[in-house]
Amino acid sequence: MSAASIVVVRDLVKTFAARGALLRAVDGVSFDVRQGETLGLVGESGSGKSTTGRILVGLEAATSGSINLFGQEISSVRGRVTPGAVRRRLQFVFQDPQNSLNPRMRAQDAIAEPLDVAGGWSRSARSDRVRELLEMVGLPRSCGDRFPHEFSGGQRQRIGIARALALKPDFVICDEPVSSLDVSMQAQIVNLLLDLQERLGLSYLFIAHDLAVVRSISARVAVMYAGGIVEIAPKRELYTSPLHPYTQALLAAVPRMTSNRARAAVITGELPSQIDAVPGCTFHPRCPFAFERCRIEKPKLREIAPGHLAACHLHETPA
Amino acid sequence: MAEQPLLSVENLTVQFRGDNGWVNAVEGVDFAVGAGECLGIVGESGSGKSVSALSILKLHSQANTRYASGTIRYGDRDLLTLPQRRLRQVRGGEIAMIFQDPMSSLNPVLTIADQIMEPLRQHQGLSVQAARRKAIELLEMVRISDASRRIDDYPHRLSGGMRQRVMIAIAVACRPKILIADEPTTALDVTIQSQILELLRELQREIGMAVILITHDLGVVAQFAQRVVVMYAGRVVETASVPALFERPMHPYTEGLIRAVPNLDEDVHRLTTIPGSIPDPSTLIAGCRFSPRCREAVKSCLAEPPALVDAGAGHFARCPPRIAAGGIS
Ligand SMILES: Nc1ncnc2c1ncn2[C@@H]1O[C@H](COP(=O)(O)OP(=O)(O)OP(=O)(O)O)[C@@H](O)[C@H]1O
Ligand SMILES: Nc1ncnc2c1ncn2[C@@H]1O[C@H](COP(=O)(O)OP(=O)(O)OP(=O)(O)O)[C@@H](O)[C@H]1O
Ligand code: SF4
Ligand code: SF4
Ligand SMILES: [Mg+2]
Ligand SMILES: [Mg+2]
């Protein structure tokens with residue numbers, strides 16, 4: 001547990017201009033990722049998970065906050081230029097492989113693109129590496145000369161993963177890398193990511209909606225709601241004794257294969273505006289436990305049990 | 001299904017042009033869905049789910065696709081032989097589709113407003129103001145916050161799940177008779193997913209909308225569908241009612257799929273896979289196409305392609321040894 005943190009994020013904020021107002025996409029997010037660890041990131045659609053990942057990898061500039069990567073302070077996160085050495089150690093697997101693959105580029109060239117950009121790969125070393133990567137992600141070695149449209153949705157996602165792994169990164173941000181895959185392929189990719197982690201000491205930030213998949217791959221899990229982390233805990237704690245009412249609602253809403261159709265209580269109520277500031281707790285309009293204070297004062301993320309943090313007035317007094 | 005189904009796909013074979021001639025991407029596929037009903041289609045990546053779904057509205061590129069056999073019966077019409085002009089009237093109106101990939105099916109240079117209002121104006125003849133009001137209402141129904149302000153955004157300003165919900169809003173805008181939903185909730189968290197499924201249920205109740213739901217999430221199928229079709233390598237290998245399929249799967253492949261669903265209630269370190277991988281459509285396999293991966297394969301499995309056989313009570317499976325054994329593993 002005491003491995004060094006290779007990623008340290010503090011008070012990250014990202015706003016976007018929205019018709020004369022501001023949209024708070026990420027609203028004060030702090031977390032660490034340790035060497036060799038997977039931090040799962042789950043939460044509401046639109047709560048700022050991808051934006052957080054995109055800022056880390058340098059695709060988006062933060063509005064404020066600090067980021068330390070591999071011990072190097074990225075001093076000005078605003079409009080920062082990630083140093084090349086840091087950039088190479090960081091890779092991103094996209095939510096949307098179709099869009100990140102050039103339709104006119106053969107699979108083998110898409111996978112080799114990072115190698116070509118980095119340079120120094122001979123023709124034969126390049127094609128060996130491509131074939132190795134294809135095999136690693138469960139695609140036939142022979143399919144390298146096919147174009148993206150000749151693959152099914154799931155097969156295309158595997159090409160995106162092969163490409164991210166091409167340069168043997170240290171930290172990979174996986175933004176819903178398995179959500180378009182079937183259960184068997186999901187399992188193969190998750191197992192593959194776990195193998196690579198064991199072998200190479202990789203760390204992951206693993207963004208996903210499938211809570212069972214997140215449980216299998218993560219060491220710790222963070223839950224986001226309306227731009228903020230509302231709970232973060234070692235996975236067993238988070239799944240067996242979730243503290244935040246939103247986390248509880250999320251776990252209750254997972255559709256089960258076995259249970260009968262008794263529908264889980266769906267949280268209803270007004271969605272949080274991301275443009276107009278919601279006073280108090282962002283979850284209060286939908287929270288079954290909301291009380292007076294929740295409407296006035298924003299709860300802080302604090303440690304309730306060792307390593308278990310939650311932002312909820314119900315859990316204010318640490319034991 | 002006692003009465004006449006709303007839509008039935010019969011003996012559908014779709015071919016794509018390959019390096020060595022035409023290749024069957026799906027072969028002899030049958031399924032049907034009735035009004036107000038939901039049919040789930042499951043199967044591994046590359047099993048032919050999207051190819052089948054896209055064929056219903058003939059959305060494959062004409063130059064490289066051949067509908068080698070089949071009928072797609074909708075009312076008294078066969079959609080496969082309907083002229084393109086007539087088909088366009090059906091598309092997006094009576095039969096709507098949610099595509100698997102929300103980003104490439106939303107137009108990046110048009111605002112969300114433009115894209116939701118388009119079918120409302122075209123199929124329902126609404127005025128600009130009325131269409132805009134309706135579009136905001138639809139965005140609220142799919143749980144997009146600040147809908148009246150986000151409606152003028154371009155797609156790239158929305159999160160992945162928000163784009164997917166916009167696709168859903170467009171698809172249900174004209175209250176279709178049939179909704180073909182190809183992985184409609186993959187980008188959504190489970191609380192919004194359940195609200196979206198509830199919205200579809202309401203439309204099913206209110207207007208008898210039929211849903212063809214393609215998904216990898218067997219939990220969603222179990223909670224939402226009435227019947228399931230399991231596809232493998234371009235063919236239907238099993239079809240049954242939801243309770244029958246989950247309680248008594250007959251095909252070894254279906255069992256494998258169910259076993260591979262990760263468990264929410266355990267700290268497992270390795271997930272279960274189905275060993276091997278799905279063959280490419282051009283691969284020739286004698287007999288049962290699942291046989292290279294099947295632990296129960298016997299000699300007769302390789303002799304000829306097995307037929308889809310009725311094991312009773314509307315439960316069909318394409319596995320003679322299991323049928324003979326009564327389906328009990
Ligand atoms: N370029 C942009 N311009 C304006 N708003 C943006 C931009 N990118 C993201 N947003 C907004 O920021 C918020 C957070 O988006 P983000 O993509 O981070 O969500 P997410 O948690 O990844 O959601 P999902 O689970 O749906 O992928 C959303 O309201 C989104 O519309
Ligand atoms: N336009 C095309 N040209 C050639 N082959 C295609 C085309 N579209 C699909 N295929 C092939 O047809 C088979 C079935 O693909 P399909 O897209 O239906 O799979 P799927 O079941 O929807 O998979 P996924 O779960 O990954 O979306 C695959 O082998 C795929 O490679
Ligand atoms: S702070 Fe109040 S409103 Fe917010 S989650 Fe806790 S109890 Fe609910
Ligand atoms: S027909 Fe034979 S090979 Fe095919 S699934 Fe059944 S037992 Fe296995
Ligand atoms: Mg996202
Ligand atoms: Mg598909």
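Reader: How does the shell around ligand 4 split by class?
Author: Keep in mind that this is a predicted model, where local features need pLDDT of at least 70, side-chain atom pairs count only at pLDDT 80 or more, and totals for chains, interfaces and linings use all residues. Side-chain values use heavy atoms, with hydrogens and water left out; residues are numbered from 1 along each chain as its sequence is written, and chains are lettered from A and ligands numbered from 1 in the order in which they are written. Ala, Val, Leu, Ile, Met, Phe, Trp, Tyr, Cys and Pro count as nonpolar, Asp, Glu, Lys and Arg as charged, and the others, Gly among them, as polar. On that scheme the shell around ligand 4 has nine nonpolar, two polar and one charged residues.

Reader: And which residues surround ligand 4?
Author: A residue gets in if one of its heavy atoms lies within 4 Å of the molecule. The list around ligand 4 is B:H251, B:P252, B:C288, B:F290, B:S291, B:C294, B:E296, B:A297, B:C301, B:C319, B:P320 and B:P321.

Reader: On to helices. At what angle do the axes of helix 4 and helix 5 of chain A cross?
Author: Helices (H or I, at least four residues) and strands (E, at least two) are DSSP runs, numbered from the N terminus. Axes are lines fitted to C-alpha atoms, for helices over the stretch in contact, and angles run from 0 to 180 degrees between N-to-C directions. For helix 4 (residues 107–118) and helix 5 (residues 123–136) of chain A, the axes come within 10 Å and cross at roughly 120°.

Reader: Is helix 4 of chain A perpendicular or oblique to helix 5 of chain A?
Author: Angles under 35 degrees count as roughly parallel, over 145 as roughly antiparallel, 65 to 115 as roughly perpendicular and the rest as oblique. So, relative to helix 5 of chain A, helix 4 of chain A is oblique.

Reader: Which residues of helix 5 of chain A make that contact?
Author: Contact means heavy atoms within 4.5 Å. Helix 4 of chain A brings A:Q108, A:D109, A:I111, A:A112, A:L115 and A:D116, and helix 5 of chain A brings A:R126, A:R129, A:V130, A:L133 and A:L134.

Reader: What's the angle between helix 4 and helix 5 of chain B?
Author: Helix 4 (residues 112–124) and helix 5 (residues 128–141) of chain B have axes 9 Å apart. The two are therefore roughly perpendicular to each other. Their packing angle is about 115°.

Reader: Which strands are at the edges of the eight-stranded sheet in chain A?
Author: Two strands pair if DSSP finds at least two bridges between them. This open sheet has mixed pairing and the order 6-7-8-3-9-10-12-11. Each edge strand pairs on one side only, and the two are strand 6 (90–93) and strand 11 (302–305) of chain A.

Reader: What stands opposite B:L12 in strand 2 of chain B?
Author: The open sheet of four strands in chain B runs 2-1-4-5 with antiparallel pairing. Nine bridges join strand 1 (residues 7–18) of chain B to strand 2 of chain B. The residue opposite B:L12 is B:V29.
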